Amino acid sequence: MKLYKIILSVISAIFVNSSVCAQFIKSNDPYYKRPFVHHDPLTLGISKFEVVYETVTKDKRFKNDEIDFRILQIDDTVSVYRSYGLFKTDSVVACTPGMTKGDYHEEYVANNVTKNFIKKIYSIDNIIVKDYVGFEEYLYEEPFSDFSWELTDSVKRIAGYNCHQAKTRFRGRDWTVWYTEEIPIQDGPWKFQGLPGLILRAYDSTGDQYITAIIIRKGELAPIIWERYLYSKTTRERFLKDKREFMDEPWKFFRGYPGPDGKIQEVPKRIRFYNPMELE
């Protein structure tokens, strides 16, 4: 029954309206009335800068764009780039004693949480990526990339900061970014780094990927959280291959799973919205 609950949650998130699913589960399953116990997360530090980015992704197979919000938390030794929805959900959990599993599920759905993380470790120029394929969670590591940035003379103001333009080609996409020397931190959204200031905006030449800062905060802020969930180790190349296969044919990953009545459940043959940042 426990396995069925896990599979139901994943299939529901993929194929069903999540808010309807959440109401059904919470009202019909005693499991979701149990107390919610947060996994003991690792606190990496206290963020000194936080940037909330709006991300817009296009997939030409779909009519509508996918809009998300992510947060970059930075201290002296590390940064973490993750779902802003998860950041808000964790904040609610921290100040809401007595939360049930159903309460947490509702917050999770309402905040459009995605469970992927990018951690940059400044002292060893290393990146750790945590992401998922279906309900399998994976981790891979890689060194900081050499973006071979081309600096230009173009300038503009973004989120109240004077910014300079830089360009590069990285793993199949031609990128333009805007960074500010007023925040002299060589970091940015996603895997971007290596410029003489914080990157506040990035977009590719196709218009498929667009990231821009909408909120910038300074000071002793929130804890930088790193989830302790068990992740299977993999490589970047293998992860991208597996993710593409899942997003193109997700129904193949759920064949043969029985429902609560013991009958094999039919999964609709629908591709998922997917246009990754890395094409190579």
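Contact here means heavy atoms within 4.5 Å. By that criterion, and leaving aside neighbours within four places in sequence, Ile74 is in contact with Ile46, Ser47, Lys48, Phe49, Ser79, Tyr122, Ile185, Asp187, Leu198 and Ile224. The model is predicted. The protein holds 5 helices and 14 strands. Of its 280 residues, 49% are buried.

**Overall build**

- Among contacts with a separation of 6 or more, 61% join residues 24 or more positions apart.
- The protein exposes about 14600 Å². Carbon and sulfur atoms supply 53% of that area.

**Ile74 in strand 3**

- Ile74 lies in strand 3, which spans residues 66-74.
- Ile74 counts as buried because its relative accessibility is 2%, and the limit for buried is under 20%.
- Gly45 is 29 residues from Ile74 along the chain. The C-alpha atoms of these two residues are separated by 8.8 Å.

**Thr55 in strand 2**

- Thr55 belongs to strand 2, which covers residues 49-57.
- With a relative accessible area of 11%, Thr55 is buried.
- Beyond neighbours within four places in sequence, Thr55 is in contact with Glu66, Ile67, Asp68, Arg70, Tyr81, Tyr210 and Ile211.
- One of these partners, Ile67, is also a member of the nonpolar surface patch.
- Two other partners, Tyr81 and Tyr210, return below in aromatic pairs: Tyr81 with Tyr53, and Tyr210 with Tyr203.

**Nonpolar surface patch**

- Ile67, Phe69, Ile214 and Ile215 form a nonpolar patch on the surface. Together they have about 320 Å² of accessible area.
- Strand 3 (66-74) and strand 12 (209-218) each supply at least two residues of the patch.
- Ile215 is found in strand 12.
- Ile215 has a relative accessible area of 31%, so this residue is partly exposed. Patch residues need over 30%.

**Aromatic pairs**

- A search of the whole structure finds 15 aromatic pairs.
- Tyr53 and Tyr81 make an edge-to-face pair, 6.1 Å centre to centre, with 70 degrees between the planes.
- This pair links distant parts of the chain. Tyr53 sits in strand 2 and Tyr81 in strand 4 (residues 78-83), 28 residues apart.
- Both Tyr53 and Tyr81 are buried.
- Tyr203 and Tyr210 form a stacked pair because their planes lie at 20 degrees, with ring centres 6.0 Å apart. The cut-off for stacked is under 30 degrees.
- Tyr203 is partly exposed, at a relative accessible area of 23%.
- Tyr210 is partly exposed as well, at 31% relative accessibility.
- Ring pairs also link a cluster made of Phe147, Trp149, Phe170, Trp175, Trp190 and Phe192.

**Charges over rings**

- Lys156 places its charged end over the ring of Trp178, 4.8 Å from the ring centre.

Terms used: Residues are numbered from 1 along each chain as its sequence is written. This is a predicted model: local features need pLDDT of at least 70, side-chain atom pairs count only at pLDDT 80 or more; totals for chains, interfaces and linings use all residues. Side-chain values use heavy atoms; hydrogens and water are left out. Helices (H or I, at least four residues) and strands (E, at least two) are DSSP runs, numbered from the N terminus. Buried means under 20% relative accessible area, exposed over 50%, partly exposed in between (1.4 Å probe, protein chains only). Accessible areas come from the Shrake-Rupley method with a 1.4 Å probe; for residues, only the protein chains shown count as cover. Patches are made of residues with over 30% relative accessible area and no salt bridge: like charges are joined within 9 Å, nonpolar side chains (Val, Leu, Ile, Met, Phe, Trp, Tyr) within 5 Å. A salt bridge is a side-chain nitrogen of Lys or Arg within 4 Å of a carboxyl oxygen of Asp or Glu. Rings of Phe, Tyr and Trp (its six-membered ring) pair if their centres lie within 6.5 Å; planes under 30 degrees apart count as stacked, over 60 as edge-to-face and the rest as tilted. A charge sits over a ring if NZ of Lys or CZ of Arg is within 6 Å of the ring centre and within 35 degrees of the ring normal.
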